[in-house]
Amino acid sequence: MMATPSTHEYFPAPTGSPKRQVVVLLVLLALAVGVRVWLMDHSATISKDGVGYVAMARAMEVDAGQAIRTHRRHPGYPSAIVLTHGALRSMGVVDDSVEGWDRAGRWVSIMASAVVLAGLWLLAAHAFDRRVAWITVLLSLFARKWAAAGADVLADPLCVAFQLWAALAALGAVACYRDRPKRAWLLVLLTGVGAAGAYYVRPEGGQVIIAAGVCWLICAGWRDRRWGWALLAGAMALVV
C-alpha cells in the first residue's frame, strides 16, 4: 500500500536564516508603508467610496447603532477608522476635521496593506520557496493599483488582509491536524475569525470560508479519509 505523503511535502518550510528573513521582510514592509505614506501626502482627494466610509465612521462615533442602520455598508472598515482616528487624535496627529478623518481612514488601509504583504510572503514561502516569496512581495509592493488602494480610504486592503490570513490559518490546520491536533483546532478557530472579520468589512469577504471548507474536504476528507474532521472543522469555522 502506498504511503500517504507527509503534509510537509505539500507545505515545505522556507529555508535560510529565520532571523535574516524576518529582518528583510520588515525592511520591505517599512518600505511599503513609506511608499503609501508618500502617496497619501501627495493625493489631495479620496475615492467616492471613501467619502461614504468617512461619513459613516463620523456618524458611528456619535451613535453607532443609528449609523449602521442608516448607511448601507458593512461596519467593519468604518469601525477601524473610528478606532484609528481616536488613537491618532490622542497623539495629536489628527483633529476632528474631515481631513483628519480622511487621514485616519488612509492609515487603516496603509497598515492593512502591509499585513497583506506579510501574508503573501508567508504563503509563497511555504507553498513554493523564498525566492518566489521575495518576488511576490516586490511585485505587490510596487503594483500601482494596489499601492494606490493602500493609500486611499477603501475597505479592500482590510478585507483582503482578513481573507488572506484566514486562508493561511486554514492551510496551517491541514498541515498539522494529524501531528498536532490542538494547534490545528486553534487554526480552524482563527480561520473562522478571519472569515468573520472579512465579512464584517465587505459582504463578499466571508466567501473565504467556502474555500477553506473545500480545502479541508479535499485534503483531510478525500485524501486522508478523515471526513469527520473535515466536516467538524467546517462547522466550527462557520459557527465562529
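Arg89 is partly exposed, with a relative accessible area of 31%, where partly exposed is the range between buried (under 20% relative accessible area) and exposed (over 50%), computed with a 1.4 Å probe on protein chains only. Residues are numbered from 1 along each chain as its sequence is written, and side-chain values use heavy atoms, with hydrogens and water left out.

The partner of Arg89 is Glu61, and the two form a salt bridge whose closest N and O atoms are 3.0 Å apart; a salt bridge here is a side-chain nitrogen of Lys or Arg within 4 Å of a carboxyl oxygen of Asp or Glu. This pair links distant parts of the chain, since Glu61 lies in helix 3 and Arg89 in helix 5, 28 residues apart, and helices (H or I, at least four residues) are DSSP runs numbered from the N terminus. Glu61 is also partly exposed, at a relative accessible area of 38%. Together with Asp96, Glu61 and Arg89 are linked in a network of salt bridges.

By this rule the count comes to five salt bridges. Among them is the one in which the side chains of Asp129 and Arg131 meet, at 3.7 Å from N to O; Asp129 is partly exposed, at 27%, whereas Arg131 is exposed, with a relative accessible area of 64%. Another joins Glu204 and Arg202 at 2.6 Å, N to O, and here Glu204 is partly exposed at 32%, while Arg202 counts as partly exposed at 24%.

From charges we turn to rings. A pair of aromatic rings is described by the distance of the centres and the angle of the planes. Rings of Phe, Tyr and Trp (its six-membered ring) pair if their centres lie within 6.5 Å, and planes under 30 degrees apart count as stacked, over 60 as edge-to-face and the rest as tilted. By this rule the count comes to two aromatic pairs. In one of these, the rings of Tyr53 and Tyr77 have centres 5.0 Å apart and planes at 90 degrees, so the pair is edge-to-face. Tyr53 lies in helix 3 (residues 48–62) and Tyr77 in helix 5, so the pair ties together parts that are 24 residues apart in sequence. Tyr53 counts as buried at 6% relative accessibility, and Tyr77 counts as buried at 0%.

The rings of Trp121 and Trp134 have centres 5.2 Å apart and planes at 50 degrees, so this pair is tilted. Because Trp121 lies in helix 6 (residues 98–127) and Trp134 in helix 7 (residues 130–142), the pair ties together parts that are 13 residues apart in sequence. Both Trp121 and Trp134 are buried.

How far can the model be trusted? The chain averages a pLDDT of 85, and 92% of the residues score at least 70, where pLDDT is the predictor's confidence in each residue, from 0 to 100. Confidence is highest in helix 5 (residues 76–90), at a mean of 94, and lowest in helix 1 (residues 7–10), at 43. Over residues 1–14 pLDDT stays under 50. Where pLDDT is low, the predicted coordinates should not be read in detail.

How values were computed: Predicted model: local features only at pLDDT ≥ 70, side-chain atom pairs only at ≥ 80, totals over all residues. Helix = DSSP H or I, 4+ residues; strand = E, 2+ residues; numbered from the N terminus. Contact = heavy atoms within 4.5 Å.
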